[in-house]
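Here are my notes for you, point by point. Keep the structure open next to them and look up each piece as you read.

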Amino acid sequence: MSLYASAVKRPIMTTLCFVAVAILGLFSLSTLPIDLYPDVETNTIMVMTSYQGASAQDIEQNITRPLENSLNAVNDLKHITSKSRENISVITLEFEYGKDIDVLTNDVRDKLDMVKSALPDNAENPIIFKFSSDMIPIVMLSVSASESMPGLYKILDDAVANPLARISGVGSVSISGAPKREIHVYVDPQRLEAYGLTIEQISSIIAAENRNIPGGAFDVGSDTYSLRVQGEFKSSDELKNIVVGSSNGSNVYLRDVARVDDSLEERAQQTYNDEQKGAMIVIQKQSGANSVEISNKVLSMLPQLQKRLPSDVKLDIIVDTSDNIRNTIASLVETVLYALLFVIIVVFSFLGRWRATLIITITIPISLIASFIYLAVTGNSLNIVSLSALSISIGMVVDDAIVVLENVTTHIERGSDPKQAAIHGTNEVAVSVIASTLTLIAVFFPLTLVTGMTGVLFRQLGWMVTIMMIISTVCALSLTPMLCSQLLRKNNKHGKLYKLLFTPINKGLDAFDNGYGRLLTKVVSHKTVTITVCMAIFAGSLFLLKYVGTEFFPTADDGRLGVKLELPIGTRVEISQEVTSRLAKEWREKYPEIKVLNYTTGQASSDNTFASLSDNGSHIVSMNIRLSDPGDRERKITEIASLMRQDLKNYPEFKKAQVNVGGNRGGAMGGQSTVDYEIYGYNFEETDSVAQQVSRILQNIKGTADIMISRSDYQPEYQVDFDREKLALYGLNLQTAANYLRNRINGSISSQFREDGEEYDIKVMYAPEHRTSIADIENILVYNSAGQGVRIKDVGTVVERFTPPTIERKDRERIITVSTVVSGVPMSEVVAASQAEIDKLDIPTGINIELSGSYEDQQDSFRDLLTLAVLIVILVYIVMAAQFESYTYPAIIMTSLLFAFSGVFIILYLSGHTLNVMSMIGAIMLIGIVVKNGIVLIDYISLNRERGLSIRKAVVLGGKSRLRPVVMTTLTTILGMVPMAVGTGQGVEMWRPMGTAVIGGLTFSTILTLLLVPALYCLFAYVGVKRKRKNINLSIEKK
Amino acid sequence: MKSILITFDQAYYERIITLLEKSNCRGFTSWLEVQGRGSHNGEPHYGSHAWPSLASAIITVVDDSRVDTVLNALHEMDLATPKLGLRAFVWNVERTI
């Protein structure tokens, strides 16, 4: 027994089967995680190796190069980039999309183990991080405190950072702006000299005084007692009263030569949250981990963590990336629901029967819900791509059900009993329903085969739609006939409301049918004119392509701006802070959209992973701005960003400034696109000069902003050049002298002060006011073993020098990147204009310039998509040719594709959108949707001819009777896309181009298909008939 | 004894079987899928792309007294739903075993 016959005969089984699918689907839905995209994140692994005391060039030669050479052999490696800075080498490995990060990490670890022995002895072991410093932190917490401020770092480290770091998927938790407590012994060099003391002596005395020493055990009578000396300081004040020496018979106390300052470490990052000094906790995730899941866990842990903190320490959220993701997904869910509603309204007004509409309304969600099972089984998430797939499919899954429903209704109207009608009606259309599904699968299944980044995006779309189409076909052949047999009635009597509502609709539709019939008659009589006009329109639309710009991904408005400011190198942190504070105040007044503004400046301590991996220093300020939700403000994020860039021009204090939309520069998706020119070359000076030239070229091009040269400025520093002979003369060596310098300026850690189980460093050093000039350094006294004091200026000279900057490498070559943000114009224009200028440059040999950034990704994706489009067209042709058993008909139908693309170009031109990956996805989906119209038309026309009608009559009648189904299926798809194209929620920038492209392409191609396909059919049919006649005549003549 | 050949649109099948049972005609032979076309009008039943519907045929041999009852009932059925198509033909049975 066939599927539909058994479904109709066993309604309970059929119903329960689909109820089971629905329950399973809804259960899967409840377990699905939410994310912005499928797992498209670049898999990045960082390898950090520190080698104390080495300069950037030493690091490059001894650490970075050997590591790079060995790591280059890791599989699936896309790019290897490195930064060699003083003391540290950071290598970033970028892998192909969609690979398992854990496997890659193991590969990297193996390679590191092999090369470890080749590294210098003093270099520390390379550390692997499963995330990239480029990745935007997913959660930032602000911490405010009053009494606990001195101990804040310890408190946060123990009570907040450690528990948070244990959450699976968290890459790092860093605390900034919470300086550690330190006890400073600020020494006055003059007094020290007067008493003949040195910092080293004081240090060792403090260490010797601050001791607890066990004295063993002794017996008194029958008991044993232990003996101890408890000398450790109980408060930092005790330090003052230590005797550090004697002068003229009286004791010299520490307070006589120094002041004890129980405060915080001197060089620390400062963080200001809304102009309030406080701390910040930055949480980064591992590559590939789910942001929303982690953020949920973090947020749910917060109240618990808050309880463990002292009452004056308050945690607050500055940035929560998942907020944006949740809002975006919520607004997409809304558009999907609207699409569902629109489709139901269209179906109702065309069918005019509530029972039929009810059947369709039941079948749509079942196909959609079933796809959640796929998502859950494959470990995917609910994201923009999977939800867009739902939105697209809503319009398509109804088609199968409608075809079956219509035919069953015809049978019932002819007088069949609903049960019989359901079985026989479905039987008649089953083959064509399956064939039309196959056409769509021919479009969507190849999407699952794409590789690379676009592949990750498309694979899910392809599978989702394929699965939904298959389920909807199964539904149409089992559930729909069963529901028809149960719900549809013979002799439907219509009520008053129906007459009131549908009389005008039916009249309108009839008039529409007749009008089209008349138009079609004219078209058929003027075939050449029709075909010429259509082709001219197509050719004309190709010219528009020149005016439609291209870009990679649309810029999403996630309400986040990252501002990076750089003052001249060596600027004191107080000045950086003061200027930034002025800027922050100005921006707060000018942009009421700013909800949170937080900035950090200063040198990061080495245990702050987040800060130490990115550029930091007293002259660098990084600012995070959170704007209100896009729906609540007039100005778009890109507008605000360009205004801010204008404002920054009024601050000459900032040497470099960049405003990054989306919080990070050139992120693969969502941020503003960047055009990056990579200049490869070994020689610093030559590459520097080329970079300057490229930067000047870019400055003169319209649409560029925030041009950056990646190589940082040469850093000025003071060096002491010791004269070895003079040192020897005084009985000194270089190390002793250098240590004297270090102990006075950087300080010597003499001992630890213990309080409440915590240890704090006691640091002895010159008081700040005695280390502010070169003279202070020159006057430092160095004592030799004979106790003789020599000043630094007597054994060496203090000179100012410039050290080489950070050395950046990519794919094992030195590189400078000149990058620009593309703002206001399509990326293709900027690239074309700049490339023309750069080609004219006279570039020294050994240096080459390459284009990368978003443009490289765009080119890769577009190439992939075009190959895909060709593959799909061929597959669709094969499916159609098999269905019609003809080579000509599919070719006729394929002409509607041309107009689909014309429509896409026209609407992109009119709406001012660009051709990007999202609109290309729309265009590719159109292939399947558009040919469906042609299939319906040609199928019915040839059916009419088989029934014996003349060509012209078959075409006109066929066109007239298929107009409604064509218009209805087109309308369901278009209206399903309308909420996507005109929505105003968060993240709409991403799917608006796709919705617009589908609407434009489908509308345009449907209109022209309805005219051109009949005309072409006539033309080819006449040729066919003539050929047949000729053959017949020939065979007659032969006889 | 007369034989009645009933050719009809598939959708009638169950109704005709019930009718025969009600009329006390137990024996019948049926072909579920047959193709055909009416002499005057009505859609052809070919099961093809152009004419997808199919017909069935039943042949039953009944007592002479039953013929009118059955044919009247069939005619009534045909008049109620003329678009489906239902025809019956009666001829003599010369001999049976």
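**Notes on the model**

1. Start with a pair of residues facing each other: A:Lys83 sits opposite A:Glu808, a residue of β28(A). Strands here are DSSP runs of E of at least two residues, helices are runs of H or I of at least four, and both are numbered from the N terminus. Strand β28 (residues 807–810) of chain A pairs with β2(A) in the antiparallel sense, over four bridges. Two strands count as paired if DSSP finds at least two bridges between them.

2. Before going on, some housekeeping: this is a predicted model, where local features need pLDDT of at least 70 and side-chain atom pairs count only at pLDDT 80 or more, while totals for chains, interfaces and linings use all residues. Residues are numbered from 1 along each chain as its sequence is written, and chains are lettered from A and ligands numbered from 1 in the order in which they are written.

3. Back to β2(A). Strand β2 (residues 77–85) also pairs with strand β3 (residues 88–95) of chain A, antiparallel again and over eight bridges. One bridge joins A:Ser84 to A:Ser89. The two strands make a hairpin with two residues between them, and A:Asn87 in the turn has a positive phi of about 75°.

4. Two other residues of chain A deserve a look for their phi. A:Asn248 has a phi near 50°, positive although the residue is not glycine, and it lies in the loop between β10 (243–247) and β11 (250–253) of chain A. A:Glu885 has a phi near 55°, also a positive value in a residue other than glycine, and its loop runs between α26 (854–884) and α27 (888–911) of chain A.

5. Now try helix α25 (residues 827–840) of chain A. Its 14 residues should span 20 Å at 1.5 Å a residue, and the end C-alpha atoms are 20 Å apart, which agrees; the expected span is 1.5 Å times one less than the number of residues. Its buried residues are A:Met827, A:Val830, A:Val831 and A:Ser834. They lie on the same side of α25(A), because they cover an arc of only 95° around the axis, taken from the directions from the helix axis to the C-beta atoms. The face turned away from them carries the exposed A:Ala832, A:Ala836, A:Asp839 and A:Lys840.

6. Zooming out, chain A comes to 30 helices and 30 strands. Its C-alpha trace spans about 140 × 80 × 55 Å along its principal axes, and 48% of its 1039 residues are buried.

7. Finally, chain B. What is the order of the strands in its open sheet? Four strands run β2-β3-β1-β4, with antiparallel pairing. β2 (29–34) and β4 (86–92) of chain B are at the edges with a single partner strand each, so one side of each has no neighbour in the sheet. Within β2(B) and strand β3 (residues 55–62) of chain B, which pair over four bridges, B:Val34 stands opposite B:Ala55.

Technical notes
Buried ≥ 20, exposed ≤ 12 C-beta atoms within 10 Å, placed from the backbone.
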